[in-house]
Amino acid sequence: MTSYVIDNIGLLVTHEVDRPERRDSALVVDDGRVVWVGPAGTAPVVDERIDAGGRCVIPGFVDSHSHLMFAGDRADEFEARMAGQPYAAGGIRRTVRLTRDASDEQLLNNARRLLAEMRAQGTTTVEIKSGYGLTVDDEVRAVRLASILTPEVTFLGAHVVPEGFTSERYVDLVVGEMLAACAPYSRWIDVFCETGAFTVDESRRILTAGIAVGLGARVHAGQLGESEGVRLAVELGAASVDHCTFLSEADIEALAGSQTVATLLPGVEFSTRQPWPDARRLLDAGATVALATDCNPGSSFTSSMPLCIALAVRDLGMTSYEAVRAATLGGAQALRRDDIGHLTPGAAADIVILDAPTYVHLAYRPGVPLIHRVLTPAR
Ligand code: NIG
Ligand code: FE
């Protein structure tokens, strides 16, 4: 089908600047792009007609933060946290052992299974990080396999310091041989800037080295406590700083005056019993906010953007529209993509038809499968 119209849309979210949503609409796709948006029943003639039956249509979700290249699970740690244990970065090393022992096929199958879950829940773009290899060969393998699945591949060799290394020697390896081998498969470089992982100075060194070879920067910071990592991300022009659970006033000001997106990952707070990040404070200050799953076997083993939206509305202080926007356009901005995350003419035709009259149902009916149909161009 080269061209089609979705007609009889009860509520269409395009994120157009002057008119982000419209009632009783139709949308035309030609050759994989949105080419026309207008009132229901008035679309130009096309090859095929899809009747939305009054349902709500939104852009496909852009999950800008995931760790899908791993093996095994850590359900026991989740159980322990629910019984009062705190989250610690050290659990990552358990997944590293299991990931190194897995075959390429096992890693790909696991990631494909999770991608299928994501798609069934309305996600049409996924960023995937390495970070459970932590040797040159294992990190290259992770970014190489991830690059089969998505163009949004992130080299996260600096996830934690592996057993048998001092921080200094490991950072030398990351910025040297490992970066050189991983960069050809990666678009982004990331670092876990946190107590138990990498210091601000180490993070600066790692990100600067990645930027020097042409990668874009993203940073994990502010997950377990306030951290200078947030301002480092802004200083280096990172596309995104992720977690932002703990932010100082200065962090918020810095984010608001920058192009760095604050990516909130409420699945983490749900699964670790940490305090909720304050999206309201960020939005009121003028910062750009994204929502993502952080799908990983340790801190947030959910593939569900609708769950993140429900938590954002219930506990992060976002309106339903702000949450949907953060899960679509915000994710696209966090990936510096202007072709996805919206449905204005020219956008990629990544479209979700909800089984609901309004996107408000994503939070109002938590845990209910509300994805009627996911449409994407053949890529
Ligand atoms: O984003 N925070 C660092 N990395 C992941 C957790 C990884 C793990 O616990 O396995 C995160 O939350
Ligand atoms: Fe993460």
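In the predicted model, Met305, Cys308, Ile309, Ala312 and Val313 of helix α11 meet Ser320, Ala323, Val324, Ala326 and Ala327 of helix α12, two residues being in contact if their C-beta atoms, placed from the backbone, lie within 7 Å. Helices are DSSP runs (H or I, at least four residues), numbered from the N terminus. By class, the contact of α11 with α12 comprises 9 nonpolar residues, 1 polar residue and no charged residues. Here Ala, Val, Leu, Ile, Met, Phe, Trp, Tyr, Cys and Pro count as nonpolar, Asp, Glu, Lys and Arg as charged, and the others, Gly among them, as polar.

Helix α11 spans residues 305-315 and helix α12 residues 320-334; they pack at an angle of about 140°, with their axes 9 Å apart. This angle makes α11 oblique to α12 (angles under 35 degrees count as roughly parallel, over 145 as roughly antiparallel, 65 to 115 as roughly perpendicular and the rest as oblique). Axes are lines fitted to C-alpha atoms, for helices over the stretch in contact, and angles run from 0 to 180 degrees between N-to-C directions. The crossing of α11 and α12 is right-handed, the near helix being turned clockwise from the far one by less than a right angle.

Alanine 323 lies in helix α12. This residue counts as buried because it has 31 C-beta neighbours inside 10 Å; the limits are 20 or more other C-beta atoms within 10 Å for buried, 12 or fewer for exposed, and values in between for partly exposed. When residues up to four places away in sequence are not counted, alanine 323 touches Leu291, Ile309, Ala312, Val313, Met318 and Ala363.

Helix α3 (residues 104-120) and helix α4 (residues 136-149) pack at an angle of about 45°, and their axes are 11 Å apart. Accordingly, α3 is oblique to α4, and their crossing is right-handed. Asp104, Leu107, Leu108, Ala111 and Leu115 of α3 form the contact with Arg141, Leu145 and Leu149 of α4. These residues divide into 6 nonpolar, no polar and 2 charged.

In helix α2 (residues 92-101), Ile92, Thr95, Val96 and Thr99 are buried. Seen down the axis of α2, the buried residues fall within an arc of 110°, so they line one face of the helix; the arc is that of the directions from the helix axis to the C-beta atoms.

Residues are numbered from 1 along each chain as its sequence is written, and chains are lettered from A and ligands numbered from 1 in the order in which they are written. As this is a predicted model, local features need pLDDT of at least 70 and side-chain atom pairs count only at pLDDT 80 or more, whereas totals for chains, interfaces and linings use all residues.

Note on methods
Helix = DSSP H or I, 4+ residues; strand = E, 2+ residues; numbered from the N terminus.
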